[in-house]
Amino acid sequence: MSTYPLAATRRRRRSVRHTLDMRVSPYAYVAPFFLLFCAFGLFPLIYTAWVSLHEWTLLSDTQEFVGLGNYSTLLADGYFWNATFNTLSIGVLSTAPQLLLAIWLAHLLNRRLRLQTLFRISLLLPNVTSVVAVVVIFSQLFGRDFGLINWMLSWFGVGSIDWAAGTATSHVALSVMIMWRWTGYNALIFLAAMQAVPRELYEAATLDGASNFRQLRSVTLPMIRPTIIFVVIVSTIGAMQIIAEPMLFAQSTGSGGGTFATGGPDRQFQTLALYVYEQAFANSTFDFGYASAASWLMFLAVVIVSGVNFLITRRAKGGIV
């Protein structure tokens, strides 16, 4: 009896298993992410949109459908637009200098230095530090009466500044906190991208007489452009969702105006995320419908601002020469 049919059958089975493995296994590998995303990302997003169309509070057993009523009320709410302005202001003040400083630090660490590993680990320490500890320490540094910042400014004849009382000063203080936490983290991302740039390009630039700054501008930045776009988008999304820093800053400085969710007595540093928290949990009505509408408008704002930053970054690539 010939074994040829049996061997052919085995080969066909192996071929089928191989084909299934090559075509099906990639989907099986990524399936857990999509399952978790649908359960904890997509479903809450859709459910929040449904809640935003209702008069939904914890004090009532019935949820009346109001359509776009929450959105129309929200767009006429001055506190919402104030929170939007604060979010954009703090985001710009913290993100732009942060990314420039991160690129500069990454460029320095990309050179041959002693104790490189120590310096790289040091850049990550602010990011792993508890945000509570960061805000408490910086609140003391920006203290009105005994703060180190005011003490240093007094050398130049500047009087004591109540950093938490004003809009501009509180935005600067919060931006410094955010920059301190995230600059090193972004610098390591830029450094990883710079490590992949071929050394031959720097050698050729050196032979052409290019200075260190010229090499950064004409060689490094164009080569790490995809990473720059990624960091700009991620930093923008993070800046639009700031909540811990202003909330803890209000508590640490005693400027909550009765509640830490208002971002100061005049709402001078209340962000969009803090405004949503106030509507949902800090108000006595626990208005989830109104807070959900604010969340969706914040989501749209994040998408729009991130898209604008993406287009600006892509268009700016021609200016890097």
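The following dialogue explains how to read several features of this predicted model.

Me: Which domains does the assignment give?

Reply: Domain bounds come from an automatic or database domain assignment. Here that assignment gives domain 1 (4-52) and domain 2 (71-315). Their centres, taken over C-alpha atoms, are separated by 38 Å. Five residues from domain 1 and eight residues from domain 2 form the contact, where contact means heavy atoms within 4.5 Å.

Me: How many residues has the largest nonpolar core?

Reply: In soluble globular proteins, nonpolar side chains tend to be buried together. A nonpolar core is a set of buried Ala, Val, Leu, Ile, Met, Phe, Trp, Tyr and Cys residues joined through side-chain atoms within 4.5 Å. Buried means under 20% relative accessible area, exposed over 50%, and partly exposed in between (1.4 Å probe, protein chains only). The largest such core in this model has 22 residues, and Ile103, Phe190, Met194, Leu221, Ile224 and Ile228 have the most contacts inside it. At least two of its residues come from each of helix 3 (78-109), helix 7 (167-195), helix 8 (199-207), helix 9 (212-223) and helix 10 (225-239). Helix 3 gives the largest share, six residues. Helices (H or I, at least four residues) are DSSP runs, numbered from the N terminus.

Me: What does isoleucine 103 touch, leaving aside its neighbours within four places in sequence?

Reply: Isoleucine 103 is then in contact with Phe190, Met194, Leu216, Leu221 and Ile228.

Me: At what angle do the axes of helix 3 and helix 7 cross?

Reply: Two packed helices are described by the angle between their axes and the distance between the axes. Axes are lines fitted to C-alpha atoms, for helices over the stretch in contact, and angles run from 0 to 180 degrees between N-to-C directions. Those of helix 3 and helix 7 cross at roughly 35 degrees and come within 6 Å.

Me: Is glutamate 245 buried or exposed?

Reply: Glutamate 245, placed in helix 11, counts as buried because its relative accessibility is 7%. Leaving aside neighbours within four places in sequence, glutamate 245 is in contact with Val131, Val135, Leu174, Ile178 and Arg181.

Note on methods
Residues numbered from 1 in each chain as written. Predicted model: local features only at pLDDT ≥ 70, side-chain atom pairs only at ≥ 80, totals over all residues. Heavy atoms only, no water.
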